[in-house]
Structure formats: structure tokens, C-alpha cells
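Here is a friendly walk through a structure, taken one feature at a time. Have a look at it before we start.

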Amino acid sequence: MPITVSVVVLLAVILFVMIRGGSLRPGPAIAATLFGFFLAATGIAPAINSTLSSAASALAAIDF
């Protein structure tokens, strides 16, 4: 759960910066957000979640 909340906050910040910077208009941003919500309701959502969890675990295991 903490990883999911962190990813949501990070993506929200990136989206906000892109809209404020002018590289993303509000219309496409809303469409992308709605696409994400509808994608989460499909059968592929568990596969995406496990892939992102695996990637987060791999990144956490890297020693800098």
C-alpha cells in the first residue's frame, strides 16, 4: 500500500508540473486520468500491479 500511494502522489506531481509547464493540456490530462481509472477496472490491472511491485522491489534492492 505505501508504494501505491507514493506512485500516485509522484504521478500527480508530474501531471501538475506538465500542465503548469504547458507541455500537457488539461483535456489530454483528463483523458489520460480517466484511461487509468478504466484500465484499473480491467483484467490486466493485477499484471500491471505485480510488474510495478517487482520493479519497485528491484529498485529498492539497489545499493547506491
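Q: How are helices and strands picked out?
A: Helices (H or I, at least four residues) and strands (E, at least two) are DSSP runs, numbered from the N terminus. Val7, for example, lies in helix H1, which covers residues 2-21. Ile19 is also in helix H1, while Ile30 sits in helix H2, residues 26-40.

Q: Where do the model and its numbering come from?
A: This is a predicted model, in which local features need pLDDT of at least 70 and side-chain atom pairs count only at pLDDT 80 or more, while totals for chains, interfaces and linings use all residues. Residues are numbered from 1 along each chain as its sequence is written, and side-chain values use heavy atoms, with hydrogens and water left out.

Q: How many helices and strands does the protein chain have?
A: There are three helices and zero strands, giving the pattern α-α-α along the sequence.

Q: What does pLDDT tell me, and which helix has the lowest confidence?
A: pLDDT is the predictor's confidence in each residue, from 0 to 100. Where pLDDT is low, the predicted coordinates should not be read in detail. The protein chain has a mean pLDDT of 83, with 92% of its residues at 70 or more. Confidence is lowest in H1, with a mean of 78, and highest in helix H3 (residues 45-61), at 88.

Q: How do I read the radius of gyration?
A: The radius is taken over C-alpha atoms, and the globule rule is 2.2 Å times the number of residues to the power 0.38. A compact globule of 64 residues would be near 11 Å, but the protein chain has 14 Å. Its C-alpha trace spans about 35 × 35 × 15 Å along the principal axes.

Q: Is Ile30 buried or exposed?
A: Buried means under 20% relative accessible area, exposed over 50%, and partly exposed in between (1.4 Å probe, protein chains only). Ile30 counts as exposed because its relative accessibility is 53%. Val7, at 35%, is partly exposed, and Ile19 is partly exposed at 33%. Buried residues make up 5% of the 64 residues in the protein chain.

Q: Which residues does Ile19 contact, leaving aside its neighbours within four places in sequence?
A: Contact means heavy atoms within 4.5 Å. With those neighbours set aside, Ile19 is in contact with Leu24 and Ala29. Ile19 and Ala29 are ten residues apart in sequence and 7.8 Å apart in space, C-alpha to C-alpha. Ile30 and Gly43, 13 residues apart in sequence, are 22 Å apart in space by the C-alpha to C-alpha distance.
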